[in-house]
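Please take a look at the structure below. A short report comes after it.

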Amino acid sequence: MENAPVIDSHVPLAAPNARLADSNARLIDSFGRLHDNLRVSVTDRCNVRCFYCMPETDVRFVERREILDFEEIERFVRIAVTLGVRKVRITGGEPLVRRDLPVLVRRLAALPGVEDIALTTNGVLLPKLAQPLYEAGLRRINVHLDTLDRERFLRITRRDEISKVLAGLELCKQLGYSKIKLNAVAVKNLVEPDIVPLARFGREHGFEVRYIEFMPLDAQNLWDRKKVLLADDIIRMLSREIAPLVPVPDPDPRAPASEYRFADGVGRVGFIASVSRPFCLNCNRLRLTADGKLRYCLFAIEEDDVKTLLRSGASDDDVAALIRRNVAGKWRGHEINTARFVAPPRPMYAIGG
Ligand code: SAM
Ligand code: SF4
């Protein structure tokens, strides 16, 4: 039964807005997975250099003219919405280095059919941009923070910017962002001293920490399974040091994070255990890279060229057909845990995490 199509009973049978996405148009792949979640990378540039994502020096960035402009992104999202996409997350590289990002957020948030817009950022520019982004309609934000320790932050990101991230988080809290999550990459023999302090920090401020297992997407081929700090080890540490963790069923069973609450009633944590507990069979995501390539998986080897289509006078139907084709060709899963696994040619910053 290895290759039998998997029909996930959690996949809703009807798109949330049937008028915008008729049943023939919905993006359902050959394994029965409905795709309603789009991650849009707006740049491959970044103001820090996390070792598990970017090289330290000589980073090769895409030329600016190859990056989709706001009209192109908006058009693509509008077309994707007609196919049932409802959730959009802006990412990068570091999305806040893209000039006028709040203008794009406002435009995407205003598109009929976009029910949820969120952003993933390293937080360094939040002191400047948290307010304009909030005014543009952003409410959900994930801030990447692996450690509260200045030295380790510097070692990981190769930049001394932790104070700006912490100030940005404080500002987001004051502005009233509704769900602030912290993304912490779990690298073995490095971040163990940060696991408990981060969870305590989250409990104190009402942020949900999401521990993300280190994935083979770094630019320098440093990844090795032995360097992954596994979700189960983190659960044991937190349960021992803070309070037992109790699994919480996510209202969206297709969400990649497994959610837990502390048994003492204070706060939650999440785990994105792509290595130890792959969630491919529930995947509902598509990704648009900053240079206009459509990918059905973070680890996809093949991608479809949306930019050339958008820039060659193609109709909306042509673009919709390309999106459908991409979804139709989606594989069953990434196979990190098999000998068949091949890391994608693009590192994380060039895909959009
Ligand atoms: N620059 C923003 C940031 O750092 O949040 C957005 C883009 S970044 C590629 C998105 C997320 O990818 C980060 O929050 C980080 O947690 C995660 N990430 C980067 N490299 C990773 C890796 N090799 N394994 C697991 N997660 C990684
Ligand atoms: Fe930049 Fe985010 Fe990659 Fe770190 S993880 S180098 S912040 S894009």
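## Basis

This is a predicted model, in which local features need pLDDT of at least 70, side-chain atom pairs count only at pLDDT 80 or more, and totals for chains, interfaces and linings use all residues. Residues are numbered from 1 along each chain as its sequence is written, chains are lettered from A and ligands numbered from 1 in the order in which they are written, and side-chain values use heavy atoms, with hydrogens and water left out.

## The ligand site

Which residues come nearest to ligand 1? They are Y52, G93, E94, H144 and M215, out of 18 residues around the ligand. A residue belongs here if one of its heavy atoms lies within 4 Å of the ligand. By class, this shell has seven nonpolar, nine polar and two charged residues. Asp, Glu, Lys and Arg count as charged; Ala, Val, Leu, Ile, Met, Phe, Trp, Tyr, Cys and Pro count as nonpolar; the others, Gly among them, count as polar.

An oxygen atom of ligand 1 is 2.7 Å from an N or O atom in the H144 side chain. A nitrogen atom of ligand 1 is 2.8 Å from a polar backbone atom of M215. Taken alone, ligand 1 exposes 530 Å², and the protein buries 96% of that. These areas come from the Shrake-Rupley method with a 1.4 Å probe. Strand 3 (116–121), strand 5 (179–186) and strand 6 (208–213) each give two or more residues to the shell. Strands are DSSP runs of E, at least two residues; helices are runs of H or I, at least four; both are numbered from the N terminus.

## Aromatic contacts

The structure holds ten aromatic pairs. Rings of Phe, Tyr and Trp (its six-membered ring) pair if their centres lie within 6.5 Å; planes under 30 degrees apart are stacked, over 60 edge-to-face, and the rest tilted. F299 and F341 form an edge-to-face pair, 5.7 Å centre to centre with 75° between the planes. F299 lies in the loop between strands 11 and 12 and F341 in the loop between helices 9 and 10, so the pair ties together parts 42 residues apart in sequence.

Elsewhere, ring pairs link F51, Y52 and F214 into a cluster.

## Helix 6

Helix 6 spans residues 192–205, and its buried residues include I195, L198 and F201. Buried means under 20% relative accessible area (1.4 Å probe, protein chains only). Just after helix 6, G206 takes a positive phi of about 80°.

Definitions and conventions:
Buried < 20%, exposed > 50% of the residue type's maximum accessible area, 1.4 Å probe, protein only. Polar contact = N/O pair within 3.5 Å; in protein donor to acceptor, adjacent residues only side chain to side chain.
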